[in-house]
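Here is a set of questions on how the labels in this model were assigned. Each answer sets a value against its cut-off.

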Amino acid sequence: MKGAQLTENKWVQFLFTCMFAIIGGAVFQLIHIPLPWLLGSMVFVLIGSKLFTQIKPYWPGVLRNTGMGIIGYTIGLSFTLSTLKEIGKQLPSMVLLTVLLLLFTLLITFFMSKLSGISFPTALIGSIPGGLSQMIPLAEEIKGVDLTVVTFLQVSRLMMIIFCVPLLIFSPLMTGLGNPSLSASTHPASASWAGLFPNIWLFIVVCTLLALLAKKINFPTAFLLGPMIGTIALNIAGFHGPDLPTVLMNGTQLMFGGYIGLLLKPESLKNAVKISATAVLSGIVLILCALALSVLLTIMHPVSFVTAFLSLSPGGMDQMAIIAKEVHGDLSILICYQLFRALFISVAVPPLLKAAFKKYEKWKSAAN
């Protein structure tokens with residue numbers, strides 16, 4: 001009885017999960033995998049949770065939220081008045097490239113639905129890039145949509161992108177483009193713990209308050225955008241936030257990796273092989289589309305290819321920001337493109353999809 005009580009203890013479950021996350025990060029760092037503390041913790045937590053079923057894995061939401069707050073802070077540090085003016089100039093490009101990416105998604109989903117046998121509405125909602133938090137509630141509201149399949153498609157595609165994008169970024173393909181962001185000479189010296197104080201206290205208080213306020217008013221990705229907005233405001237007002245030490249940034253990667261590793265539950269699926277193949281294929285095609293659109297963005301504006309690719313990659317903005325931080329991409333440009341797409345998906349896509357699916361059902365009924 002005591003043993004059963006011990007395995008049901010949240011602290012025991014968290015320490016069990018955290019052990020796999022830390023081992024994964026250390027192993028991936030040892031073998032020089034990009035973003036080791038994000039990818040290593042994600043992979044090892046996923047594997048550990050499937051191999052050792054005696055203890056239920058647990059990852060506190062507060063850790064993920066804290067990690068998002070830290071990323072929001074680092075993003076906010078990169079914003080200046082000149083940056084905001086430049087972003088204003090790029091607004092038409094944001095609209096064009098977001099719409100093109102969603103049209104590519106629509107086309108990909110049509111063919112994937114035919115090949116896999118998954119209904120078109122389920123496949124489409126499961127394939128909308130970077131829209132997990134928005135698409136799951138939408139899937140619950142639309143008749144005939146398989147929520148389990150939507151969740152699996154969204155999470156597995158996200159995990160695949162989180163794993164593949166860093167490998168692409170650090171590959172000879174990117175370094176061959178002569179991107180200065182990847183050169184060793186641009187790597188800044190590691191920030192010190194002593195350099196955090198006393199300025200960091202002001203940013204901690206403001207970021208925490210705005211994160212809680214954003215959450216209270218149901219702002220999308222509140223724990224990322226609240227701290228980001230607070231940091232931008234303080235930064236523009238003349239308060240200078242310190243850079244964060246490498247150890248803290250590694251810890252932030254681990255906070256995300258452990259959380260993401262527990263999201264995927266393939267055992268709850270029927271036809272898991274077919275649906276997994278669909279998720280992988282759609283993920284690959286979306287990455288190729290993002291690469292093609294990145295070339296277009298570099299032609300339209302003077303941004304590096306790496307920054308363009310991360311700005312348009314169909315993953316979450318928090319994960320893409322972690323990668324951009326590692327390769328010294330332009331965080332301000334990246335977050336604006338990712339944020340615009342997230343807001344567009346939150347505001348415009350759900351009503352459009354609902355209206356389209358109603359017409360689709362009427363057409364289907366008339367055809368029968």
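Q: What makes Met19, Ile23, Val27, Leu30 and Ile31 a nonpolar surface patch?
A: These residues make a nonpolar patch of about 460 Å². Patch members need over 30% relative accessible area and no salt bridge; nonpolar side chains (Val, Leu, Ile, Met, Phe, Trp, Tyr) are joined within 5 Å, like charges within 9 Å. A salt bridge is a side-chain nitrogen of Lys or Arg within 4 Å of a carboxyl oxygen of Asp or Glu. Areas come from the Shrake-Rupley method with a 1.4 Å probe, and for residues only the protein chains shown count as cover.

The model is predicted: local features need pLDDT of at least 70, side-chain atom pairs count only at pLDDT 80 or more, and totals for chains, interfaces and linings use all residues. Residues are numbered from 1 along each chain as its sequence is written, and side-chain values use heavy atoms, with hydrogens and water left out.

Q: Where is leucine 30 found, and why is leucine 30 called exposed?
A: Leucine 30 is in helix α2 (residues 10-30). Helices here are DSSP runs (H or I, at least four residues), numbered from the N terminus. Exposed means over 50% relative accessible area, buried under 20%, partly exposed in between (1.4 Å probe, protein chains only). Leucine 30 has 69%, so leucine 30 is exposed.

Q: Why is α4 called roughly parallel to α12?
A: Helix α4 (residues 61-77) and helix α12 (residues 222-236) pack at about 30 degrees, with axes 7 Å apart. Axes are lines fitted to C-alpha atoms over the stretch in contact, and angles run from 0 to 180 degrees between N-to-C directions. Angles under 35 degrees count as roughly parallel, over 145 as roughly antiparallel, 65 to 115 as roughly perpendicular, the rest as oblique. So α4 is roughly parallel to α12. Their crossing is right-handed: the near helix is turned clockwise from the far one by less than a right angle.

Q: What makes α15 mostly covered?
A: In helix α15 (residues 305-312), 8 of its 8 residues are buried. Among them are Phe305, Phe309 and Leu312.

Q: How do you know that alanine 308 is buried?
A: Alanine 308 lies in α15. Its relative accessibility is 0%, so alanine 308 counts as buried. The C-alpha atoms of alanine 308 and isoleucine 333 are 8.3 Å apart, across 25 residues of chain.

Q: Why does serine 332 count as buried?
A: Serine 332 is in helix α17 (residues 331-347). Its relative accessibility is 2%, so serine 332 is buried. The C-alpha atoms of serine 332 and isoleucine 75 are separated by 6.6 Å.

Terms used
Helix = DSSP H or I, 4+ residues; strand = E, 2+ residues; numbered from the N terminus.
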